[in-house]
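Dear colleague,

Please find the structure below, handed over for your study.

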Amino acid sequence: MAEMDVRDYFGNLPTLYTERLILRQLRLRDAESLFQCTSDPEVARYVLWTAHRSLAECRSHIRYIHRLYRACQPGSYALALREGDRAIGTIGFTSYHEDLRTAEIGYSLARSCWGQGYATEAVSALLPLCFERMRLHRVEAMHDVENPASGRVLQHCGFQYEGILRGRVFNKGQWRDVCMWAMLDTDYQRLFLPHG
């Protein structure tokens, strides 16, 4: 069977399962449960989107993600609980550089689900897709310097801290410093694949 192009995956994100979570394509019917996450100013505080003010705005965002799927562009998974299949956040790809075989990932989670290991579980589930199926060379993730909890997630997943990028993003009216983390394919092989 011919190897899939990375963009083919973006167009048809395969469903991933963990012990407690399902990572699947977003559906319009996720809007109500997802709105509990996306309407929270604390959840939106360090990400590049602003808190959704209405259910309609949340639905509009899901339609935007569907357009990314159709265009085979980097997009997001719904992060759903296996029990009840209720969306509690998103995780996915924020950028992809074909020539460098590099993608950036990001995630957000309802505040009621913070501190329970869900983000670590979700990022860990994404790594085999990135390195074994998409054959990426490098996976990056960035977080605001004032959001160290996000860095702990990445550290637990085996990412290497690479430093601070000063004034890297313009967010909520100001230039923000971010911490850069990355995992290379060689890191992934060393950490997660059995050695013969």
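A103 in strand β5 is the bridge partner of Y96. This is a predicted model, in which local features need pLDDT of at least 70 and side-chain atom pairs count only at pLDDT 80 or more, while totals for chains, interfaces and linings use all residues. Residues are numbered from 1 along each chain as its sequence is written, and side-chain values use heavy atoms, with hydrogens and water left out.

Helices (H or I, at least four residues) and strands (E, at least two) are DSSP runs, numbered from the N terminus. Two strands pair if DSSP finds at least two bridges between them. Strand β4 (residues 87–97) pairs with β5 in the antiparallel sense, over eight bridges. The two form a hairpin with four residues between them, and R101 in the turn has a positive phi of about 50°.

With strand β6 (residues 138–144), β5 pairs in the parallel sense over three bridges; here E104 stands opposite E140 in β6.

Is β5 enclosed or open? Seven of the eight residues of β5 (residues 102–109) are buried, so the strand is largely enclosed by the rest of the structure. Buried means under 20% relative accessible area, exposed over 50%, and partly exposed in between (1.4 Å probe, protein chains only).

D185 lies in helix α7 (residues 185–192) and counts as buried at 16% relative accessibility. D185 touches R101, F131, L136 and H137, not counting residues up to four places away in sequence; contact means heavy atoms within 4.5 Å.
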